[in-house]
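Let's walk through this model together, moving from a sheet to the cores and then to the aromatic rings. Please keep the viewer open as you read.

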Amino acid sequence: DLPKGALASRPGALLARSSEVTAEFLGRSSHIARWQEGKDALAAAARFVPSAEAMCGRLTKESSEPCLLRFGHLEAGTVRNAIAGHARAEGSLRVFSDSMFDRAKEAISALAGSAARTEGCELELTFSEGYPPVINDAELFSLAARALPNLDVLDEPLLIAEDFSFYQQCLPGLFTLLGTGTGTPLHSDRFDFDERVLLVGASAYQRLLMMP
């Protein structure tokens, strides 16, 4: 989303902590004409997904700290005229602090449990360890900003994640974005860019290396 060759970053929180959320609802299949004999896993998942996504929106408003949960994959059942005996929802949780993660995890677990009980299903809910947030060291950012006069300062952190954050668990670090100017969505199979933009990144590293 950044213009071609633009450098951008910010001190403090830049990129989010991520955790893969997987909710499996285990019910019992039956013919829809005898639906009372089944335990509808699809209905449980359908209750859970929008309620969990909306809950994270409420947490954001209550605390003014970003919290995002979205599900990109939902699979249930085998045929249209049978109650689904199994459903699996796969999503990603994005936050910027351990305290928000704990709050979201607790609320998500409660909503998933409620949806499962309502439909008489069993629940298997997992949260991956994921990536820590990218938190830029303020002193390093100040040094880099002096060496890179064209460095843009982002107003808000981004809800994407990056494994660079593991380095920052061991020592102060600074992550900087380099714009390609394509406007192509993340993870798109149409992504392509002018590789000459990489020279801007190489030049930025040179400037950082030459800092007194």
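In what order do the 3 strands of the open sheet lie? The order is 8-1-9, with mixed pairing; two strands pair if DSSP finds at least two bridges between them. Helices (H or I, at least four residues) and strands (E, at least two) are DSSP runs, numbered from the N terminus. Strand 8 (151–153) and strand 9 (177–178) each have a single partner strand and stand at the edges, so one side of each has no neighbour in the sheet. Look for A8, which stands opposite L177 in strand 9.

A word on how to read the model: it is predicted, local features need pLDDT of at least 70, side-chain atom pairs count only at pLDDT 80 or more, and totals for chains, interfaces and linings use all residues. Residues are numbered from 1 along each chain as its sequence is written, and side-chain values use heavy atoms, with hydrogens and water left out.

Now for the interior. A nonpolar core is a set of buried Ala, Val, Leu, Ile, Met, Phe, Trp, Tyr and Cys residues joined through side-chain atoms within 4.5 Å. Buried means under 20% relative accessible area, exposed over 50%, and partly exposed in between (1.4 Å probe, protein chains only). The largest nonpolar core has 28 residues, of which F25, F48, C67, L69, F71, L93 and I108 touch the most other members. At least two residues each come from strand 3 (17–26), helix 1 (41–63), strand 4 (68–76), strand 5 (86–95) and helix 2 (98–119). Helix 1 gives the most, with 9 residues. A second, separate core has 7 residues, including L14, L154, F175 and L177.

Finally, the rings. The structure holds 7 aromatic pairs, meaning rings of Phe, Tyr and Trp (its six-membered ring) with centres within 6.5 Å; planes under 30 degrees apart count as stacked, over 60 as edge-to-face and the rest as tilted. Y131 and F166 are edge-to-face, because their planes are at 80 degrees, with ring centres 5.8 Å apart. F25, F48 and F71 form one aromatic cluster.
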